[in-house]
Amino acid sequence: MIMSFGNKTNIVWNKSLIRIVFSYIFALLIGFLAFCYFYPLSYILSDDIGFYTGDSAQHVSGFYAFRDTPWHLPVFWTDRLNYPEGVNIINTDSIPIVALIVKPFIKFLPPDFHYFRLWYLLAFLVQAVGAVFLIHQMGRQRLIDGILAACFAVITPCFVLRSGHTTLMTQGILLIALGFYFKGMQYKNKRIKPPRIWYGLWISLIGISFLMHVYLTAMILPVYWAAVFDMYGKRNSWGTILLDCLYPLVVLIILFFAFWFSPNSVLTTEDSGYGVFSMNLYAPFVGGSLITWGENLLPVSPQQAHEGQNYLGLGVIILFFLAIYFIRNSLKQIWQCHRYFIILLMLFSIFALSNKIYAGTTLLWEYPPFLSELVGFLGNRFRSTGRFFWPVGYAIIFSAIAGVLRLKQKLIPLIVMGLLILQIWDVPKFNFDTIVQVDQTAKEAFPPRLWNRLLSGKEMLYVMPALKCGGRVEEISTLQLLAAKNHVLINTVYGARNTADCEEKQKDMLSHLESGTVHVFLSVVYKNPVSLEQVKQFMGENTYKWCRQFSQGIVCVPDPDERDLNVLNSKLLSKLPKE
């Protein structure tokens, strides 16, 4: 059968399809260019620049540990970190779903391969593509609409400034979730029931987010619930609505027990940080380079400044007020159509502020104990509450873009372009050199060649004090990476909500002074000398033979062979001072 292109409907349909395809092509280009603007292209090809300490080292070490762990249930649990208790790599933020895909092909990949460098580029591509998808579902389907939406998305501060936390840079799936919501509203407006594929895509997205980072799931799942309530309203029985809301929960329960659950991997409430990693009330309006009125209204803590970084940008703020003015006659209709979604955004905002609401350095209100305890059930499990403003921020940004671009005047896209330039000029700048400097500092403290030689062929690395017993993240994360990279077990872990029995850790270390192990005694206070007496309690008369000093503490190799002695006598290590 030959399709006739003389039919007007077919011509319109093909032009629409071409426009959509080009929108996504431009989105990919914008995502790539944005990545190259913030990061050198060599970053994705470099030899682990930016992955030697902190969160990045945590992520990579989790993958390396999973790589060397035999298949079992739960799938993502490994005892190679925090031996013998183990940890789940979901708790090391190692993008488990990608680790699961890569692991069967590990034999065909370079020995030290990991996917996190490429993921940074992918995060920018998904961010731009998700922006185009969302703006299309909001009814703005011109080519210029998609281009502008993608440009605003890839310079959003809460996205760009998440560098170092690879998984949480994948905020493009939040944009896709918001797009699914507005797709559901299209079905509502047409008075038709959503097809099964719509539910299937939602459940797939929720499941994927769970196997990436549980915070993303905690944001996406409520958006799905809001979509169900806003779509059905009073036209369906509560039983139907309840069933639709329960489907993804069943999937999440299955995924939890198959991939996550183990005694040492659940989100404990100990040392939660709820009320600390929150958003400041001024955060959406303070942080730009053009208007510095907020310089004297700094957040109460560095944690709030980082996890609560939700500056919207001057361009977006102006765009939002323009949109409100242009759609002022439709505000009642918007509320009636999206009431549950709007209520959800309000709840996200309240939760982001936590139980201690600050405006700058001023504490405006603290929840009474009974309310703090009630909300704390969630807050103690999702302690970085400031992140929950992300879907709110994106809803504001894209509602502003769609609200202004709905006007048909030719001047409107030019106005939005001008505000985009203002936004680029205003938003906080990301400094890649900081990553290089932090990485270099860690490599000076733990020279890679020396420590790779020291750990090569070993079975176990013991660190004292372990994390949660006095050890610092800066040193533990690097040692964790070095151990996992060299296929060596380690007795501690830098992971989300990990706990440690400090006495048991010491006993275990003392009972394994044997060949094939390496023992590291770290300075509790940065660059303070480790107590030699403490080391002697473990190593006894062999202390001076087995142990050497380095900038961060003392390293010991029991029963060293000739190769070990060559490493211990390296110029990068020094002999212990005689008492």
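1. Charge comes first. The protein carries 48 positive and 36 negative side chains. The centres of these two sets are 17 Å apart. This is a predicted model, and the values here are computed from it.

2. The secondary structure consists of 23 helices and nine strands. With these elements, the chain of 579 residues has a radius of gyration of 27 Å, close to the 25 Å given by the globule rule, so the protein is as compact as a globular protein of that length.

3. How much of the protein is buried? Of the 579 residues, 54% are buried, a label that stands for under 20% relative accessible area. The accessible surface comes to about 26600 Å². Carbon and sulfur atoms account for 64% of that surface.

4. The contacts can be sorted by separation along the sequence. Taking those between residues at least 6 apart, 78% join residues at least 24 apart.

5. Strand 3 covers residues 356-359 and strand 4 covers residues 362-366. The two pair in the antiparallel sense, over four bridges. Which residue of strand 4 is the bridge partner of Y358? That partner is L363.

6. The turn of this hairpin has two residues between strand 3 and strand 4. In the hairpin, G360 takes a positive phi near 65°.

How values were computed. Residues are numbered from 1 along each chain as its sequence is written. This is a predicted model: local features need pLDDT of at least 70, side-chain atom pairs count only at pLDDT 80 or more; totals for chains, interfaces and linings use all residues. Side-chain values use heavy atoms; hydrogens and water are left out. The radius of gyration is taken over C-alpha atoms; the globule rule is 2.2 Å times the number of residues to the power 0.38. Buried means under 20% relative accessible area, exposed over 50%, partly exposed in between (1.4 Å probe, protein chains only). Contact means heavy atoms within 4.5 Å. Accessible areas come from the Shrake-Rupley method with a 1.4 Å probe; for residues, only the protein chains shown count as cover. Lys and Arg count as positive and Asp and Glu as negative; His and the chain ends are not counted. The place of a charge is taken as NZ of Lys, CZ of Arg, CG of Asp or CD of Glu. Two strands pair if DSSP finds at least two bridges between them.
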